[in-house]
Amino acid sequence: MSENLTRLNKFLSEAGYCSRREADRLIDAGRVTINDVIPEMGTKVAPDDVVKVDGEIIGERKKDFVYLAFNKPVGIVCTTDTRVEKDNIIDYINYPKRIFPIGRLDKPSEGLILLTDDGDIVNKILRASNNHEKEYVVTVDKPISQTFVERMSGGIYIEELGQRTKKCKVKKVDKFTFNIVLTQGLNRQIRRMCSYLNYEVQTLKRVRIMNIKLDTPIGKYRELTKEEFKTLSELISDSKKTFQPKVSRKNRR
């Protein structure tokens, strides 16, 4: 019997409702029930249990997952809590299925963000120990010096977060613009790093996540191609997932 039990947060992610991290937040907030009883964190679900979120029954695992590449505009918030944030990414995209963002881009930033209804893939992409690259183009308020490039690339201690950033690739593009490739995603990381060196970010755009490049207009999205998904799967090869996405090259809203 125990072999058929699934941790509640994993059940919600595999059902395509949300990521495991978001599931933990929902469970902690008392918004999830098992057989109409609010469970403790870490509770496991049996095949015949009825799981609900805010009173809505959550069904079995989906097989046709959605994988989207979206060019997020400035001003849109990467949250699924549509009840609290009016400028949220879910309402903006208005996709016909329930999806959620993989990671975040803060409100003043723009560029590439992936969205899916496959909760199992999220941690594989976001986990810093996997060293998956994310590339950004950033403009700042004053001329970029060689010292700035060297200190940014060498790692900076962020006092508010109590940790040093990992070494990264930084390249000067022009007088006020640089390119940076990170393998971690600390809260407002680039802005905090620049601030430590007395620079202020003017614009910040993410142009790549691993093998997926930004190639849609602002505010538009598209589904990943078969080739993109195949390469992505290889890069997160510790994943057990074998599902294939639907293929479309058309930009949509």
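Colleague: Which residues are buried in helix α7 (residues 226-235)?

Modeller: Glu 228, Phe 229 and Leu 232 are the buried ones. A word on the ground rules: this is a predicted model, where local features need pLDDT of at least 70 and side-chain atom pairs count only at pLDDT 80 or more, while totals for chains, interfaces and linings use all residues. Residues are numbered from 1 along each chain as its sequence is written, and side-chain values use heavy atoms, with hydrogens and water left out.

Colleague: What makes a residue buried or exposed, and what makes a run a helix or a strand?

Modeller: Buried means under 20% relative accessible area, exposed over 50%, and partly exposed in between, with a 1.4 Å probe and protein chains only. Helices (H or I, at least four residues) and strands (E, at least two) are DSSP runs, numbered from the N terminus.

Colleague: Why do you say that the buried residues of α7 line one face?

Modeller: Seen down the axis of α7, they fall within an arc of 95 degrees, so they line one face of the helix. The arc is that of the directions from the helix axis to the C-beta atoms. On the other side of α7, Lys 226, Glu 227 and Glu 234 are exposed. The buried residues pack against β6, α4 (119-126), β15 (212-213) and β16 (221-223), where contact means heavy atoms within 4.5 Å.

Colleague: Why is Cys 194 called buried?

Modeller: Its relative accessible area is 0%, and the limit is under 20%, so Cys 194 counts as buried. Leaving aside neighbours within four places in sequence, Cys 194 is in contact with Val 140, Phe 148, Met 152, Phe 178, Tyr 199 and Val 201. Gln 189, Ile 190, Arg 191 and Met 193 are also buried in α6.

Colleague: What makes a group of residues a nonpolar core?

Modeller: A nonpolar core is a set of buried Ala, Val, Leu, Ile, Met, Phe, Trp, Tyr and Cys residues joined through side-chain atoms within 4.5 Å. The largest has 35 residues, and Cys 194 is among those that touch the most other members, as are Val 138 and Phe 148. Elements that give two or more residues to this core include β9 (134-140), α5 (146-154) and α6 (189-196). A second, separate core of 17 residues includes Leu 114, Met 210, Ile 212 and Ile 236.

Colleague: How do you know that Ser 109 is buried?

Modeller: Ser 109 has a relative accessible area of 2%, so it is buried. Its place is in the loop between β7 (100-102) and β8. Not counting residues up to four places away in sequence, Ser 109 touches Lys 72, Pro 73, Val 74, Arg 191 and Leu 204.

Colleague: What makes β9 and β14 a pair?

Modeller: Two strands pair if DSSP finds at least two bridges between them. Seven bridges join β9 to β14, which run antiparallel, so they pair. Val 140 stands opposite Val 201 in β14. Two bridges join β8 to β14, which run parallel, with Gly 111 opposite Arg 206. β14 and β15 form a hairpin with two residues between them, and Met 210 in the turn has a positive phi of about 55 degrees.
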